[in-house]
Amino acid sequence: MGEHLFRFPRDDEHVAILGRNGSGKTQFAVWMLSERSWDRMPWIIINSKGDDLIDAIPNTTEIGVRSSIPTSPGIYVMRPKPIDYPTLDEFYQVAWKRKNVGIYADEGYVSTGFPWFRACLTQGRSRTIPMVVLGQRPVWLDRFVWSEASRFAAFDLNLRDDQKTADNMIPGYREINLKPYHCVWHDVKIDRTLILTPAPDRASILRRFRERARVQHKAL
Amino acid sequence: MSEHIDDNSSGPSDDTDTPGRDASGFIVIDPAARNSGRSGGDDSGTGNDTGSKRGRGRPRGTAQTGASKASDTASLAGLDIKDILLNIHMMLSVWTGLPEMALEEAEAKRLETAIKKVSRHYPVNISQKHVDLSYLVYTIGTIYGTRAVAIYAAKRKSGSTPPVNPDNVVDFNFNMPNVG
């Protein structure tokens with residue numbers, strides 16, 4: 001095949017993953033995370049919803065909202081409560097200063113308008129802060145997510161407003177009749193839109209985390 | 001490249017090198033299967049297609065570079081250093097008999113914060129397994145070590161007490177003559 005169709009996000013690129021509740025976006029996002037660079041740099045998951053698939057990821061370390069950002073590679077899980085949401089921008093500030101840290105935000109809307117969240121988005125490329133931002137309601141997401149993400153994955157969306165917002169960023173989104181757990185994938189840089197079939201099942205994803213951890217352990 | 005309609009809606013298709021099209025004309029592919037053969041999450045700046053076949057040699061990302069040596073490592077961020085400091089100083093205080101060696105909780109907290117801040121600049125290249133083992137040894141030490149020290153000290157104290165000799169007991173009397 002002479003042409004690359006699906007390009008995996010790099011460490012200087014952000015991904016926005018959209019979809020209503022139960023559309024498959026978390027499974028897709030965790031699958032993507034299983035292939036990301038957590039063997040080379042710390043990746044921090046902001047698990048606001050307490051998603052059980054995230055909780056099942058092996059070899060993670062729990063950190064607090066105000067914890068310092070670890071330097072060792074690996075996956076770190078933060079579980080902020082709603083009362084902690086306003087302080088999340090402090091975390092983004094530390095991440096921005098720290099550089100070389102991946103961020104997975106499972107509810108992107110809670111950070112809408114945060115200046116340091118925006119700083120991570122806008123300068124993440126030069127500071128190597130790859131971000132994966134998930135959202136159920138695209139209309140609630142920060143505008144900088146739209147302007148800075150170089151990959152979009154849009155699953156099924158319920159509300160017309162959300163569909164319209166997604167359609168603005170992903171040409172032709174509303175024309176596509178998505179099958180369950182499929183998503184529309186848009187690569188901004190090469191302006192290519194694809195339809196992706198469902199992510200692997202839960203067991204396969206967790207197995208992939210374990211396999212990679214084992215490889216790294218042996219390498220040690 | 002042949003093209004076909006991908007009707008697989010229940011899961012990933014193995015036939016990923018022949019992407020199909022949906023009714024609206026968009027290409028349908030299975031990203032997971034295209035991703036097979038990847039190792040170590042090669043997504044950092046190469047921009048390679050994830051569907052590329054595995055080449056000769058060691059899988060990418062498994063080389064023992066400095067970065068990968070540091071992988072699967074533990075972070076001080078997840079450790080409760082304050083309790084460790086409190087216990088270590090309490091043990092030192094008991095062993096040395098100097099109460100000044102014991103830390104107060106606020107002091108331990110300040111020290112913990114300082115250590116964690118410094119640790120951000122110095123990655124701890126130790127695996128989680130070794131951290132867990134070290135913590136087990138430390139816990140055993142704090143539980144049994146303090147008891148062992150206490151038992152040893154008690155035995156030593158009882159051993160150094162001079163035996164009571166009934167012959168040494170005399171009735172004291174102010175009229176007794178001075179000795180020597």
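What share of the contacts in chain B with a separation of 6 or more comes from residues 24 or more positions apart? The share is 41%. A contact here means heavy atoms within 4.5 Å.

This is a predicted model: local features need pLDDT of at least 70, side-chain atom pairs count only at pLDDT 80 or more, and totals for chains, interfaces and linings use all residues. Residues are numbered from 1 along each chain as its sequence is written, chains are lettered from A and ligands numbered from 1 in the order in which they are written, and side-chain values use heavy atoms, with hydrogens and water left out.

**The two chains**

Chain A holds 7 helices and 9 strands. Chain B holds 5 helices and 2 strands, in the sequence pattern β-β-α-α-α-α-α. Helices (H or I, at least four residues) and strands (E, at least two) are DSSP runs, numbered from the N terminus. The table sets out totals for each chain. Buried means under 20% relative accessible area, exposed over 50%, and partly exposed in between (1.4 Å probe, protein chains only). Accessible areas come from the Shrake-Rupley method with a 1.4 Å probe; for residues, only the protein chains shown count as cover.

| Chain | Residues | Buried | Accessible surface | Carbon and sulfur share |
|---|---|---|---|---|
| Chain A | 220 residues | 60% buried | about 8600 Å² | 47% of the surface |
| Chain B | 180 residues | 30% buried | about 12200 Å² | 58% of the surface |

In chain A, 71% of the contacts between residues at least 6 apart in sequence join residues at least 24 apart.

An open sheet of 11 strands takes in both chains, in the order 3(A)-4(A)-2(A)-5(A)-6(A)-1(A)-7(A)-8(A)-9(A)-2(B)-1(B), with mixed pairing. Its edge strands are strand 3 (60–63) of chain A and strand 1 (20–21) of chain B, each pairing on one side only. Two strands pair if DSSP finds at least two bridges between them.

**Covered elements of chain A**

Strand 1 (residues 14–18) of chain A has 5 of its 5 residues buried. A:His14, A:Ala16 and A:Leu18 point one way, and A:Val15 and A:Ile17 the other. In a regular strand the side chains alternate between the two faces of the sheet.

Strand 1 of chain A runs parallel to strand 7 (residues 149–154) of chain A over 5 bridges. Strand 6 of chain A also pairs with strand 1 of chain A in the parallel sense, over 4 bridges. A:Ala16 stands opposite A:Phe152 in strand 7, and its bridge partner in strand 6 is A:Val133.

Helix 1 (residues 25–34) of chain A is mostly covered, with 9 of its 10 residues buried. Among them are A:Phe28, A:Trp31 and A:Leu33.

**A nonpolar patch on chain B**

B:Leu133, B:Leu136, B:Ile140, B:Ile143 and B:Tyr144 make a nonpolar surface patch of about 490 Å². B:Tyr144 lies in helix 5 (residues 128–160) of chain B. B:Tyr144 counts as exposed because its relative accessible area is 55%. Patches are made of residues with over 30% relative accessible area and no salt bridge, with like charges joined within 9 Å and nonpolar side chains (Val, Leu, Ile, Met, Phe, Trp, Tyr) within 5 Å. A salt bridge is a side-chain nitrogen of Lys or Arg within 4 Å of a carboxyl oxygen of Asp or Glu.
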